[in-house]
Amino acid sequence: MKEVVMVTGASRGIGYAVAERFAKEGYPIVITCSKGEEELEIAKKRLDQYGGRVLQFLADAGNYQQMKHVLCEVEHRLGEVGILVNNAGISWIGLFQDMECELYEQIVRTNLLSVMHCSHLVIPGMIRRKAGKIINISSVWGNVGASCEAVYSATKSGINGFTKALGKELAPSSIQVNALACGVIDTRMNSCLTEEEKEQLVEEIPARRFGQVEEVADFVYQIVIGPAYLNGQVITLDGGWS
């Protein structure tokens, strides 16, 4: 039987595409998101068409107790999570000094603490089984930083460092931890950009286009089924941009 795959922030965008990629391969799927119950229900119905087991939870990945409850329910109904894809994330564009502390705390909680919480909850079972995969969805801004996205960049940089360190910790237990640092992907997160801004951005990208969520999903799947010797790495997928 294939291992249970859990994807956070999976009602749409990259998260949904990743869940769909694994559903097509017959994996049991768990999807979560913190809001948008209707979208989550629609995502679940779309995944059901592939014939596998699918569970959905309206839960904040940045809330440890909520995710603990989710993981207990998953273990009871499907079994322990063997593949964790930490995708939940939000962004805000503007000057750091203009941000309210509640907002940047929310971004840190959603983007970075969610990765730590979910990983912390699944690791004991992975260590016991001497098997497991954790994939963290990061960003090129975690590599180089972005003006007017200081907090977002900080969280993604944190994910990168966490990935490298945790990969070293868990390698002796045959658990792989890797991150995918994405460039500009065509998702709703970019809806704040005007068409002119999008065109200017495309001109900066050597591939001359935005990445597609399906490309991210395919890469995540390839990392999971790839060599077990790949561990603690932050791999960039950005069309040659950075």
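Which helix and strands do the buried residues of helix 8 pack against? The structure is a predicted model, in which local features need pLDDT of at least 70 and side-chain atom pairs count only at pLDDT 80 or more, while totals for chains, interfaces and linings use all residues. Residues are numbered from 1 along each chain as its sequence is written, and side-chain values use heavy atoms, with hydrogens and water left out.

Helices (H or I, at least four residues) and strands (E, at least two) are DSSP runs, numbered from the N terminus. Helix 8 spans residues 213–225, and its 13 residues reach 19 Å from the first C-alpha to the last, close to the 18 Å expected at 1.5 Å a residue; the expected span is 1.5 Å times one less than the number of residues. Val213, Val216, Ala217, Val220, Tyr221, Ile223 and Val224 of helix 8 are buried. They cover an arc of only 160° around the axis, which places them on the same side of helix 8. The arc is that of the directions from the helix axis to the C-beta atoms, and buried means under 20% relative accessible area, with exposed over 50% and partly exposed in between (1.4 Å probe, protein chains only). The partners of these buried residues are helix 1 (13–24), strand 4 (81–86), strand 5 (132–139), strand 6 (175–182) and strand 7 (234–237).

Met126 is buried, at 0% relative accessibility. Setting aside residues up to four places away in sequence, Met126 touches Val81, Gly82, Ile83, Leu84, Ala131, Gly132, Lys133, Ile134 and Ile175, a contact being heavy atoms within 4.5 Å. Leu113, in turn, is partly exposed at 31% relative accessible area. Together with Val108 and Met116, Leu113 makes a nonpolar surface patch of about 190 Å². Patches are made of residues with over 30% relative accessible area and no salt bridge, like charges being joined within 9 Å and nonpolar side chains (Val, Leu, Ile, Met, Phe, Trp, Tyr) within 5 Å. Accessible areas come from the Shrake-Rupley method with a 1.4 Å probe, and for residues only the protein chains shown count as cover.

Charged pairs complete the picture. The structure holds 10 salt bridges, each a side-chain nitrogen of Lys or Arg within 4 Å of a carboxyl oxygen of Asp or Glu. In one of them, Arg188 pairs with Glu39, with the closest N and O atoms 2.7 Å apart. Arg188 lies in the loop between strand 6 and helix 7 (195–204) and Glu39 in helix 2 (residues 37–48), so the pair ties together parts that are 149 residues apart in sequence. Both partners are partly exposed, Arg188 at 48% relative accessibility and Glu39 at 25%. A network of salt bridges links Arg12, Glu39 and Arg188.

Other salt bridges lie within a helix. Asp48 and Lys44 come to 3.1 Å between their closest N and O atoms; both lie in helix 2, four residues apart, about one turn of the helix. Asp48 is partly exposed, at 30%. In helix 7, Lys198 and Glu195 are three residues apart, again about one turn, and their side chains meet at 3.8 Å, N to O. Lys198 is partly exposed at 21%, whereas Glu195 is exposed at 54%.
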